[in-house]
Amino acid sequence: MTETATAVGERRRRRVGFLGGVALTLAIAGTFALAIGSVQVPLADLLAALTGGGTELHRNIVWRNRLPRVLGAIVAGGGLAIAGAAMQTVLRNPLGAPYTLGISQAAAFGAALAILLTGVGAGSAAGGLLATWLTPIAAFLGGMVSTGVILALVTYRQATPETMILTGVALGSLFQAGLTLLQYFASDTEVAAIVYWTFGDIGRAGWPQVIVMTVVVLAATAYFLRHGWDYDVLDAGTDTARSLGVNVDSLRIRGMAIASLVTALIVSFVGIIGFVGLVAPHVVRMVIGGTERYLMPASALVGATLLVVADTAARTVLSPVVLPVGILTSFLGAPLFLYLVIEGRAYW
Amino acid sequence: MQRLTFAYDDEQILEEINLTVQSGELLGLLGPNGSGKSTLLECCNRLLGPDSGRVTIDGDPIATLAPDERARRVGYVPQSESGAFPASVFETILQGRRPHGGWSPSASDREAVERVIDRLGLDGLATRNVENLSGGQRQKVRLGRALVGDPSVLLLDEPTSALDLKHRLEVMDLVVGQLQGDVAGMIAIHDLNLAARYCDRVALLAEGEVHAVGPPDVLTAEAIREVYGVEASVRRHRDRRLVVPEAPADTGPSAAEPPIEGHVADRPTPNTAETDD
């Protein structure tokens, strides 16, 4: 074995070890999240309920309430982290995130418009099926409009990271202004519904939403793993990547489109959950370095773990009050991000 | 046998350039800033598409090669690059195996990278972040990435400009050593003495045209004055040309037409052999 092979093998073991460690943490956090809450479900009863046995109360709590919530947190956290990692890679910028690109603001604008037009929000009791699906659909369309404008601009101009970020920032302010305008003309209840919607809350997603998110997030993960090597090469710069046979423009546009789609979908179902997409990839880059083959799955696991832990905390800290998890991730995420900036400064 | 033919018709950068590089040969592209050296290299690589004319490798026009096939045949070391996120030496060189296909590096890709790391003397640095290496080591890593795909043509855009004396010699020794008879090399270079020492032939470019091409002996005081607008003494040292720049010439390259009184003739930036940019 050469010195190189030994060092590289050692590093790979470290990376696989990190993946395993995070997966284990996620499994423990997930189990814990299923067990605790307003009704505590002991581990044995939990296992029984999961396999279809146990008391009806436990089965109801686990299957109707907590399982979709925990799975929702895993998928949403993982999806946001993968989208964030992809955006950072495509934009060659550590600040790549749904918020920087105006996707969150556009989704919030879409949701607000739907709430105003129908007079009901996902949060109100009335409305039924219409309210359950109309607001997320409008939010999703809003997010995709923002994405579409960015993609259209970079297709006709050059798809440089700078163009993308600047366009995103401009669109973000535009939709923010639109949102403020809508709120100005809305009634008190409507403003409350709009504001409530923007607090990210996993509890909003039921089984159908969780299944849709899972399918899309898995497909996006598969895409980024399949093209991981190309995205690695992209990081070396446009000229180098092209000299290595990579179609840079198409890779950037596809990566951006997929990451935006995932983000818009998640945001439309659970509202705005800040910092997971930004923090998770940075944690991974700092601990095990950046190659996409490890970055993508590791970011997904870290993002999922962060959101499961945050959501469980949001449910239980101020019990019986259930905090929207979006507030908690922002509170936890901002200092964590500052810490990463200060500690990890050497690495970017 | 390599045969690169260039014929461009771009009035601004390159005009009707015809050059051929043989396998195992290193051709130095010389000329002042803006004379078209980098543009020429980028055309050989399809980073830029020429307006007219064509580039062929082994008789195949590169314009018709698939991107992966072209990337397998042409290794390229850009003038400068900076990754947005950290990458290790091993990962950076591994990027050079991408055109060999697959969605994920295979065992043979990894072995090729290990061999290149060994050949370039980068052992012990494999897992280090490239951005934390010295300029010379970083340049070797980029050279490694260009070589790891076993190209038949190697294009280098001023790989020594930012390096100190020792690393200039080390990198040039490596470049020449890697050609080994079956790779054709083209290097854009500012340092005339390095060019005279390492290149088999040099092409002097001025305003997008080939002023002279041939063995380093074409580097005469007169040619340097005409191309660079610099008065220089050319000596012989151990059978090599040694260019000692003296002063910017009074008249620019267009010496035939005397400048109009009170008007400074437009001439390329004077360039000394002691570039330190």
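**Figure 1. Burial and overall make-up of chain B.** A residue counts as buried when its relative accessible area is under 20%, as exposed when it is over 50%, and as partly exposed in between, with a 1.4 Å probe and protein chains only; by this criterion 53% of the 277 residues of chain B are buried in this predicted model. Chain B holds 8 helices and 10 strands, taken as DSSP runs (H or I of at least four residues for helices, E of at least two for strands) and numbered from the N terminus. Its accessible surface comes to about 12100 Å², with 45% belonging to carbon and sulfur atoms, as given by the Shrake-Rupley method with a 1.4 Å probe, where for residues only the protein chains shown count as cover.

**Figure 2. The open sheet of chain B.** In chain B, 6 strands form an open sheet of mixed pairing in the order β4-β5-β6-β1-β7-β8, two strands being paired if DSSP finds at least two bridges between them. The edge strands β4 (74–77) and β8 (209–214) of chain B each pair on one side only. Strand β7 (residues 201–206) of chain B runs antiparallel to β8(B), with which it pairs over 5 bridges, and Leu205(B) stands opposite Val210(B) in β8(B).

**Figure 3. Helices packed on the sheet.** Helix α6 (residues 165–179) of chain B packs on the sheet and touches β1 (26–30), β5 (153–157) and β6 (184–188) of chain B, its direction making about 135° with that of β1(B). Helix α8 (residues 221–228) of chain B also packs on the sheet, where it touches β1, β7 and β8 of chain B and makes about 40° with the direction of β7(B). Contact means heavy atoms within 4.5 Å, while axes are lines fitted to C-alpha atoms, for helices over the stretch in contact, with angles from 0 to 180 degrees between N-to-C directions.

**Figure 4. The interface between chain B and chain A.** Chain B and chain A bury about 3100 Å² between them, 57% of it on carbon and sulfur atoms, the buried area being the accessible area (1.4 Å probe) that two parts lose on being put together, summed over both. Phe85(B), Arg98(B) and Trp103(B) supply 25% of the area that chain B buries against chain A, more than any other three residues. There are 3 salt bridges between chain B and chain A, each a side-chain nitrogen of Lys or Arg within 4 Å of a carboxyl oxygen of Asp or Glu; one salt bridge joins Glu91(B) to Arg15(A), with the closest N and O atoms 2.6 Å apart.

**Notes.** Residues are numbered from 1 along each chain as its sequence is written, and chains are lettered from A and ligands numbered from 1 in the order in which they are written. Because this is a predicted model, local features need pLDDT of at least 70 and side-chain atom pairs count only at pLDDT 80 or more, whereas totals for chains, interfaces and linings use all residues; side-chain values use heavy atoms, with hydrogens and water left out.
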